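Notebook open, structure loaded. I'm jotting down what I look up as I go.

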Amino acid sequence: MYQVVKDMIDKMGYTVKLVRVTKRVHEAYFAQLYLTKVGDESKSVIFDLRPSDAINIAVRCKVSIQVNKYLAYSDGMRVIESGKLSMQSPASNGILFTELDRPSGQHCLDTEEFNMVCKLNEAINQERYKDAGTLPLTLIIQ
């Protein structure tokens, strides 16, 4: 079924941009599927779906799956993959983060701070201490 949905999206001239798991109400989770028109990203469509359906479509389309950070912190499970453990910093505590969710197209101080901390961790992990020392830390200090 999910391959059929992907094919239908392609035939209509749209592409899947990303999937977001947005909230939980009681025991039910909600997700959104973001589509954009091929050649004109200003034309977009958002569908509300069950997370299982949205994630299946995202996997077939090879797009990002974002989870609301509050859900990730409150309901998430820590996943430690032994093969990747040596590549993580001690401060990561076994959690693999690649991107922080944010309101579409809006300035987000949390995202700025998150990206800065990622750059800092990357510089430290690569032993580029001079680079790490020159990163602006004003957001972290506040």
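Which elements each supply at least two residues of the nonpolar patch? I find that H2 and S4 do; helices (H or I, at least four residues) and strands (E, at least two) are DSSP runs, numbered from the N terminus.

Before going on, I note that this is a predicted model, where local features need pLDDT of at least 70, side-chain atom pairs count only at pLDDT 80 or more, and totals for chains, interfaces and linings use all residues. Residues are numbered from 1 along each chain as its sequence is written, and side-chain values use heavy atoms, leaving out hydrogens and water.

Patch members: I get Ile-55, Val-59, Ile-65 and Val-67, with about 290 Å² of accessible area together. Areas are Shrake-Rupley with a 1.4 Å probe, and only the protein chains shown count as cover.

Next, I checked Ile-65, which sits in strand S4. Ile-65 is partly exposed at 37% relative accessible area (buried is under 20%, exposed over 50%, partly exposed in between). Its bridge partner is Val-19, and four bridges join S1 to S4 in parallel; strands pair if DSSP finds at least two bridges between them.

Technical notes: Patch = residues over 30% accessible without salt bridge, like charges linked within 9 Å, V, L, I, M, F, W, Y side chains within 5 Å. Salt bridge = Lys/Arg side-chain N within 4 Å of Asp/Glu carboxyl O. Buried < 20%, exposed > 50% of the residue type's maximum accessible area, 1.4 Å probe, protein only.
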